[in-house]
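Biologist: I am new to this structure. Please give me a close look at one part, and tell me what packs around it.

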Amino acid sequence: MAKEHYDLVVIGSGQAGNPLATAFADAGQRVAVIEREHVGGTCVNEGCTPTKTLIASGRVAHLARRAHDYGIGTGQVTVDMPAVRARKRKVVESFRSGSENGLDRAGVTLIAGEGRFLDDRTIQVAGGNGLRSIGGDRIVINTGLVPRIPDLNGLARVPYLTSRSILELDRVPEHLLILGGGYIGLEFAQLYRRLGAEVTVVQHGPRLMPREDTDIVEAITTILREDGCTILLGTEATAVRGAAGDITLSVESGGQTRDISGSDLLVAVGRRPDTASLNPKAAGLRITRQGFIAVTTRLVTSVPHIYALGDVTGAPAFTHIAYDDFRILRTNLLEGGRASRHGRLVPYTLFIDPQLGRIGITEREAIDQKLPHRVATLPMTRVARAIETGETRGMMKAIVDTRTDRILGAAILGTEGGEVATVLQVAMMGKLRWQQLRDVAIAHPTWSESLNNLFMTL
């Protein structure tokens, strides 16, 4: 088998690998991208793009049912799930085509198939045209994560859903059971409740989203229950049985065991690194105990000419963080810089409604790190824009350093919470004091203007 040689080989066409491949090709280098399924990675195909498109449909259904709150009369609200899915597919296809066209315009060779290391410079690709041997002076791993499937008695015999397969439903489940009270599980819980399903979330821990502050989690739990979701905390799934449309989940809580019946089961207990078929040991790559590709802060693996980007390294699993990894490698490998992950801020948004926008550290982390701090909180019931739009659920919270008066972190649980949190992120980057946000003139009445009121509480 003749080896095809490239200056750069990228395994996985995600939101870090694609722009890196394009940047190298634009610099005149010969580049190949290996992709076993869909160009664009998780974000475009089974993550951000499809889920947020579906969530938009769910919000429209929710607002239609609330129309009378605003003095508007409507008829019965119905959900055409095939049409909802078709809209999602159209958006995904447009994003995917854009990614493919971008690689093509740059002259990147796209190789369809699954890559497997033979040694530290050779990748064997198995695809529809048989086996190919691909060699690279530099190799970049961008394979991401896949859903983690728990060792639950009976699960292998039940037609369960994952965060990927649930996107292709052409019907609204009668009763959706969800294993896992993390970010993915909660977004789907509220979405399908709004589309008309009965929803039960089973969370083994004492609260949802254990990384967030207790007051924020309590507010989110209240919101989901107000929307009609059943939230079972401190509840362990012990077994599952049944067939399509008739699934029984056995759970244990407080020493008591009971059965819950549902039509569908979504498994959303986390994600694991997608390295099973990669054969990383053949390349001499070091793997962490959790299965991630070990890298330095400059994204170099244990093999100097092999790099890894994004989720597969154990970085926060967000598209924008993977894209920032691309920037680091572009800076270092093409521009001769010394960019690093060290000290970067990690924003994220949970796309329930209202959104949770997060930046920086939590109050609990400030306490654990023994940082001298103060906490500002403000309920959305005191925000003018929230009152005017009838969206008063949620709260705002910011942690500030008492020595410097700078912002350490914030949680904005409210409509467009992710956008408001971005304002705080920029303030943190600019090292602004909280008093400056309290006193700056922000256009009225906007969501961001509520930052004046938040910091007035200090």
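Modeller: Two strands pair if DSSP finds at least two bridges between them. Strands (E, at least two residues) and helices (H or I, at least four) are DSSP runs, numbered from the N terminus. The model is predicted, so to speak by record: local features need pLDDT of at least 70, side-chain atom pairs count only at pLDDT 80 or more, and totals for chains, interfaces and linings use all residues. Residues are numbered from 1 along each chain as its sequence is written, and side-chain values use heavy atoms, without hydrogens and water.

Take the open sheet. Four strands form it, in the order S10-S9-S8-S14, with parallel pairing. S10 (230–232) and S14 (264–267) stand at the edges; each has a single partner strand, so one side of each lacks a neighbour in the sheet. On average, neighbouring strands are turned by 20° against each other, direction ignored.

Look at one pairing. Strand S8 (residues 175–179) and strand S9 (residues 198–202) run parallel over five bridges. His 175 has Glu 198 in S9 as its bridge partner. Helix H5 packs on this sheet and touches S8, S9 and S14. The direction of H5 makes about 165° with that of S9 (axes are lines fitted to C-alpha atoms, for helices over the stretch in contact; angles run from 0 to 180 degrees between N-to-C directions).

Of its 37 residues, Tyr 192, Val 199 and Ile 220 touch the most other members. Beyond its neighbours within four places in sequence, Ile 220 is in contact (heavy atoms within 4.5 Å) with Leu 186, Met 209, Leu 350, Ile 352, Leu 356 and Leu 413.

Now the rings. The structure holds four aromatic pairs (Phe, Tyr or six-membered Trp ring centres within 6.5 Å; planes under 30 degrees apart are stacked, over 60 edge-to-face, the rest tilted). Tyr 183 and Tyr 348 have ring centres 6.0 Å apart and planes at 75°, so they pair edge-to-face. Tyr 183 lies in H5 (residues 183–195) and Tyr 348 in strand S17 (residues 348–350), 165 residues apart. Tyr 183 is partly exposed at 25% relative accessibility. Tyr 348 is buried at 13% (buried is under 20%, exposed over 50%, partly exposed in between; 1.4 Å probe, protein chains only).

Terms used:
A nonpolar core is a set of buried Ala, Val, Leu, Ile, Met, Phe, Trp, Tyr and Cys residues joined through side-chain atoms within 4.5 Å.
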